[in-house]
Amino acid sequence: MHFIRYNNQKITKSIIFVDMIQLEMKKISVAFLLFLCLLSFDIKAQDSKPMIYRINIKENIGSNTWIYLRNGLHEAQLSNADAVLLHMNTYGGGVLEADSMRTAILNAQIPVYVYIDVNAASAGALISIACDSIYMRSSATIGAATVVEGGTGAEAPDKYQSYMRGIMRATAESHGKITTIENGDTIIAWIRDPLVAEAMVDEQIVIPGYADSTQILTLTASQAIELGYCEGIAESVHEVIVSELGYTDYDMKTYNPTLYDKIKGFLTNGVVQAFLIMFIIGGIYFELQTPGVGFPSAAAITAAILYFTPLYLSGYAQNWEVLLFVLGLIFIVFEVFVVPGFGVTGILGILFILSSLILALVGNVHFNFEGLPAREIFKAFMTVLGGMGMGIVLIIYLMSRIGKKGIFMNVALHADQEGYVSVPLEPASIVGKTGFAATVLRPSGKVNVDGQYYDAISLRGMIEKGDEVVVKRYENFQLYVTRM
């Protein structure tokens, strides 16, 4: 074996040769790993295309569109989308839902753009102004945001116009100001002029060259660009993304509402909720008037389930609010069947039911209303009051129709009842029997004889609840009792 000297030590040539090979192999391995990492990074970089999430707003603004936007923004964030694009074509709709939508857009953590495909009128204009950038088809328009009455289409009172002017201005101001220098002068101007937004609501605000004191402002695409209310004109969503946003190669997802979303949006519509309250109130009343029929109570229970379920799943209705409604029903039943008359339990039952219906519509947590918009509380009150009003109208109408020709003919007894007695004669057989007072008799109340409850009158003063009584006589379909 041959020896050589290396660092003042004698080692064999074979050992040196092996060490050199191992060192070279390590170098090759490191280089190969670096190559794989670079290759992987390059492939990943090629595959990671920008994600655009599209939400269609192509119907009247209401509970449906609010659910679509809220769910769409949530899914866009879960998908790590680079931007959200609203594809809009709407003539407007509910102010409260539009306000909720513009608030969600202003608070979104992802840039939100809007492409106005033909129309962004009224509530649609408010939502569009909230977006980071507005793009329009060449034939599109934006504006005409005057508040009108839902039933007649007439212009709403000035207090509603004032509110709409305020949120339009606040939305425009939220985009801030821009500073420019012209001829050595510093000019500070709004990115979106708040007066332009107000002019879409109030015809008295003049925008020279665009709207005089007799016109509500509505802008075409080219006019919107001139006034800073449009960042570009495009004829398709693809053109917006490529030409305006600068994403030449991108992936796009579109939010597709489910059947559940559509049903939920329908049931949370204010008008539908008012009708459900009408059926709840009407069903409870007729069931108490005709106990045992079944249909009124079934209608009331069904309406209550349809009313509370979407609100509960949305997080509005809390467990205790549903329990408050049930407790109110129990109190009313207790008032009718256990403590006849109209006392504390009946009043508490009504208050509990009305409170639960109102509180379920507002986003309070454990009765904490801090930061809750007054308009949301006002809407809840008006919805419940509207439902109560319709319930009273329904009660009056049905009471006037029961027993007459039509579908209500067999609900009540007919006038020709010869040979029949309207009051049962069974109580006559219990004369002489004993029982106890189920309620206080002052002098009338209820007694329990042989496990059955009967209306009775005390012959000698007041009888306390629980006192033993004896049935003395039965006259004119009425029991008369005395204390034993």
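Let's start with a charge over a ring: the charged end of Arg473 sits over the ring of Tyr480, 4.6 Å from its centre. That label needs NZ of Lys or CZ of Arg within 6 Å of the ring centre and within 35 degrees of the ring normal.

Some ground rules. This is a predicted model, where local features need pLDDT of at least 70, side-chain atom pairs count only at pLDDT 80 or more, and totals for chains, interfaces and linings use all residues. Residues are numbered from 1 along each chain, and side-chain values use heavy atoms, without hydrogens or water.

Back to Tyr480. In S17, Tyr480 is the bridge partner of Arg473. Strands here are DSSP runs of E, at least two residues; helices are runs of H or I, at least four; both are numbered from the N terminus. Strands pair if DSSP finds at least two bridges between them. S16 (residues 468-475) pairs with S17 in the antiparallel sense, over six bridges. S15 (residues 452-458) pairs with S17 in the parallel sense, over three bridges. There, Ser458 stands opposite Val481.

Is S17 enclosed or open? Five of its six residues (478-483) are buried, so S17 is largely enclosed by the rest of the structure. Buried means under 20% relative accessible area, exposed over 50%, partly exposed in between, with a 1.4 Å probe and protein chains only.

Now rings. The whole structure holds five aromatic pairs. Rings of Phe, Tyr and Trp (its six-membered ring) pair with centres within 6.5 Å; planes under 30 degrees apart are stacked, over 60 edge-to-face, the rest tilted. Tyr68 and Tyr255 have centres 6.4 Å apart and planes at 50°, so this pair is tilted.
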